[in-house]
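Here is a short briefing to read alongside the structure. Take a moment to bring up the view, and then we can walk through it together.

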Amino acid sequence: MSETSLQHDSREREAISARRDVRLPAGDHRWTVLAPVTIAWHHRELILAVLRRQLADRFSGSLFGWVWAIASPLITLAIYTVTFAGALRLPVASARGGAINYALSTFAGLIVFNLCAELCYRAPLLLHEHFAYLKTSIFPSETLAWTAVLRSLTYAGISLTLLLIFLLGVNRTLPATVLFLPFLVVPLVLLLLGLVWCLAALGAFTRDIAYLMITIVPVLMFATPVFYRMSDIPQGFRTFAYLSPIATAIDMIRNILIDGVLPPLWLYAGFVVIALLVCRGGYAVFERYKGILVDVI
Amino acid sequence: MSSDIAIRCAGVGKAYQLYARRTDRLKQIAFGSFRRFYQEYWVLRDINFEVPHGECLGIIGRNGAGKTTLLQLLCGITRPTCGELEINGRIAPILALGSGFVGDISGRENVLIAGAILGLRRAEIMKRLPTIGEFAGIGPFIDQPVRLYSNGMRARLAFSICAHADADILVVDEALAVGDAVFREKCLRFMETFRRSGTLVVVSHEDDQIAALCDRVIWVDDGRVRASGEVTEMLRLYRTETAGAVDDGSRFSFDSAAHAPPS
């Protein structure tokens with residue numbers, strides 16, 4: 001950016017906000033602390049319209065539509081149950097609850113991990129994917145992160161519902177801690193939004209980010225307690241595992257769904273703080289480069 | 001800051017950063033504060049004009065002069081590098097008609113999304129769908145995937161959406177180039193009606209359209225406003241000045257003074 005542009009930056013910003021937000025009362029909502037959420041509210045009609053289209057695309061574009069959406073997690077769940085109930089010897093600590101519980105716990109871990117992985121793969125290409133909208137219409141590009149996250153969350157929601165039904169079938173009851181689920185999902189969504197904003201902005205500049213994700217996400221799968229529990233990790237390494245917010249999210253989901261206990265307060269509080277920071281940070285990165293993103297894709 | 005003004009450009013300029021290699025762009029992000037890895041290409045510079053509410057401004061100029069970039073700036077699709085831009089009112093851009101459509105879904109679904117982009121509520125769009133379809137005049141094809149549409153049909157639908165978006169300012173970029181004469185006539189009639197209540201900015205290579213619609217014309221040449229003023233006079237000037245011009249690539253030269261960074 002040249003010096004002239006820096007000089008005019010704040011004035012330019014004012015002018016742009018005046019243009020974009022003519023329907024809003026005075027005040028620039030795009031730069032406040034709550035901006036990641038308020039922009040979603042402001043553009044809710046657009047986010048829902050794009051989301052509706054994408055879901056319809058996925059499910060009604062094929063002959064069996066929603067059947068696929070339910071069949072694929074169902075088959076995964078069935079395979080895990082059969083494999084772990086009979087075929088495999090289990091890691092000691094994880095096996096305590098029995099093979100079925102281990103299968104369900106793995107499935108719960110996979111739901112969260114796949115949610116994150118899908119977004120990591122998609123985010124760097126997100127702006128390229130919606131190239132036509134961004135170039136020819138007044139599309140607010142920051143809303144794309146919301147549609148991407150909500151879309152993936154819908155798929156995860158289908159799997160999660162199956163898991164809950166299965167849990168209910170096996171144990172005849174669900175732990176009361178299931179009610180805590182929304183309090184986990186909300187910070188998780190914020191965390192993912194921040195991640196998507198950051199990756200989408202960087203990915204607009206170079207396709208390398210997309211390739212990088214394809215390389216590191218499978219590695220992350222084994223570094224994250226998907227097929228084992230946090231408690232299987234030797235004490236010395238466990239601290240490192242807790243540094244990954246995705247690992248903590250998986251651990252806490254298992255706490256409330258399978259163990260029937262609330263996650264430790266320090267873990268939950270830490271997760272929320274990190275989620276908020278990542279969300280606001282990711283949004284800040286996106287806003288920082290937003291003006292030139294359209295010129296580089 | 002009078003609210004009689006719909007559009008005000010003060011010293012607006014737009015520079016694109018041209019990179020020799022893709023990797024230079026990354027270097028610029030990482031080490032940009034130490035060294036510059038790109039060449040600046042000023043597409044537009046020193047653009048000053050005002051459009052009062054209810055006026056129709058025509059923009060003329062040769063290919064590559066910066067007309068489309070100017071419209072993109074007005075719509076907020078890209079940001080100006082310097083200068084001040086003030087827009088009062090809701091803008092609907094009619095640029096690159098129909099290229100924003102998704103091919104796999106029906107025209108109707110595309111209307112729903114395009115309408116949402118323009119800031120309409122779902123209920124409002126639903127209410128207007130019949131009118132939009134009727135104006136576009138593509139009959140039952142509105143329920144077919146857009147990839148089956150001809151260019152003309154896409155343009156018709158895209159124009160129809162923007163026409164029914166309740167915008168205060170309509171920005172039209174050579175929109176009618178692909179439409180047939182009858183549809184063109186319909187669009188012109190629409191724009192004439194629209195002008196009574198709203199503001200219009202039109203880019204066109206056709207003198208008739210400019211003459212029929214516009215109150216005032218600016219001629220953009222090599223990224224600057226070459227001249228502006230009354231319609232017939234501007235068109236005459238533009239025709240005479242460009243009559244003998246050689247159509248070669250010299251206008252696009254990276255090194256030409258017109259596009260070089262200001263010293």
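In what order do the six strands of the open sheet in chain B run? The order is β5-β6-β7-β3-β8-β9, and the pairing is mixed. Please keep in mind that this is a predicted model.

- Strands β6(B) (residues 169-173) and β7(B) (residues 199-203) run parallel and are joined by five bridges.
- Within this part of the sheet, V171(B) has V201(B) of β7(B) opposite.

**The helix across the sheet**
- Helix α2(B), made of residues 67-75, lies across β3, β5, β6, β7 and β8 of chain B.
- Relative to β6(B), α2(B) runs at about 155°.

**Where chain B meets chain A**
- On chain B, 37 residues are in contact with 32 residues of chain A.
- Four elements of chain B each supply at least two residues of the side that touches chain A: α1 (22-31), β4 (82-87), β5 (91-94) and α3 (107-117).
- β4(B) gives the largest share of that side, with six residues.
- By residue type, the side of chain B that touches chain A divides into 18 nonpolar, eight polar and eleven charged residues.

Technical notes. Residues numbered from 1 in each chain as written. Chains lettered and ligands numbered in written order. Predicted model: local features only at pLDDT ≥ 70, side-chain atom pairs only at ≥ 80, totals over all residues. Contact = placed C-beta atoms within 7 Å. Nonpolar A, V, L, I, M, F, W, Y, C, P; charged D, E, K, R; others polar. Pairing = 2+ DSSP bridges. Axes fitted to C-alpha atoms, helices over the stretch in contact; angles between N-to-C directions.
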